[in-house]
Amino acid sequence: MHLSDFVLLLNTLWFGGAFIQFSVAQGNTLKILLPREERSNPIAPTLAASVAFLGGMNLPIGLLSFYLLAARPAFFQPIEAQLALFFAACHFSQFAYNLPVLMRGGRVGVAYWPVLKGPMLRIFVIDAALFVANLGVALRLAFSS
């Protein structure tokens, strides 16, 4: 298995998992985003339903990763570095949005979420690692051509 195949597999699993987390397991996501004392707030069901859009955004990225891994279309080879750069940007955007929350100290009162513990730490670390992995693949492919 080539490094690019392995990173595509990780992308497929990560973005597919994000679809499940946000679109299928909305109630669990709500527990991550809201402190216990705020889960009875009347706005909580609206928030839970709205995170499904996050899953909707992650699903096509995961499907594209899977398609490129499984089908290996002929067009893929010449633009592999560009696609790896695209996936790096996807992961970086998720990582970057958690940085300000981390800088504020994570959960502040009833707002934000704890970046350095629980599921959000896993998300933060994996997005950072896959950003670096995809960027590495993009640079390696760009400079080896």
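The model is predicted: local features need pLDDT of at least 70, side-chain atom pairs count only at pLDDT 80 or more, and totals for chains, interfaces and linings use all residues. Residues are numbered from 1 along each chain as its sequence is written, and side-chain values use heavy atoms, with hydrogens and water left out. The protein chain has 6 helices and 0 strands.

**Overall fold**

- From the N terminus on, the elements of the protein chain run α-α-α-α-α-α; helices (H or I, at least four residues) and strands (E, at least two) are DSSP runs, numbered from the N terminus.
- Taken along the principal axes, the box filled by the C-alpha atoms of the protein chain is roughly 55 × 30 × 20 Å.
- The protein chain has 145 residues, and 34% of them count as buried; buried means under 20% relative accessible area, exposed over 50%, and partly exposed in between (1.4 Å probe, protein chains only).

**The largest cavity**

- Rolling a probe the size of a water molecule over the atoms shows where empty space is left.
- The search uses a 1 Å grid over the protein atoms alone: a cavity is a set of points where a 1.4 Å probe fits but cannot get out, a pocket is an open set with protein on both sides within 12 Å along at least five of seven lines, and lining residues have an atom within 4 Å of a point.
- Grid points are joined across faces, edges and corners, and a volume is the space filled by probe spheres set on the points.
- In the whole structure, the search finds 1 cavity of 30 Å³ or more, and the largest cavity holds about 60 Å³ of space.
- Its lining has 11 residues, of which Ser4, Leu8, Glu80, Ala84 and Val137 lie nearest the centre of the cavity.
- At least two lining residues of the largest cavity come from each of helix 1, helix 5 (80-103) and helix 6 (118-144).
- By type, the lining of the largest cavity has 7 nonpolar, 3 polar and 1 charged residues; Ala, Val, Leu, Ile, Met, Phe, Trp, Tyr, Cys and Pro count as nonpolar, Asp, Glu, Lys and Arg as charged, and the others, Gly among them, as polar.

**The largest pocket**

- The largest pocket has a volume of about 600 Å³.
- It is lined by 26 residues, and Phe22, Leu54, Gln94, Met120 and Ile123 lie nearest its centre.
- Helix 1 gives the most to this lining, with 7 residues.
- The lining of the largest pocket divides into 15 nonpolar, 9 polar and 2 charged residues.

**Single residues**

- Leu3 lies in helix 1 (residues 3-24) and is partly exposed, with a relative accessible area of 41%.
- Val24 also lies in helix 1 and counts as exposed at 59% relative accessibility.
- Val24 and Met1 are 23 residues apart in sequence and 31 Å apart in space, C-alpha to C-alpha.
- Asn98 is found in helix 5 and counts as buried, at 4% relative accessibility.
- Asn98 and Ile61 are 37 residues apart in sequence, and their C-alpha atoms are 20 Å apart in space.
- Val125 lies in helix 6 and is partly exposed, with a relative accessible area of 46%.
- Val125 and Ser4 are 121 residues apart along the chain, and their C-alpha atoms are separated by 20 Å.
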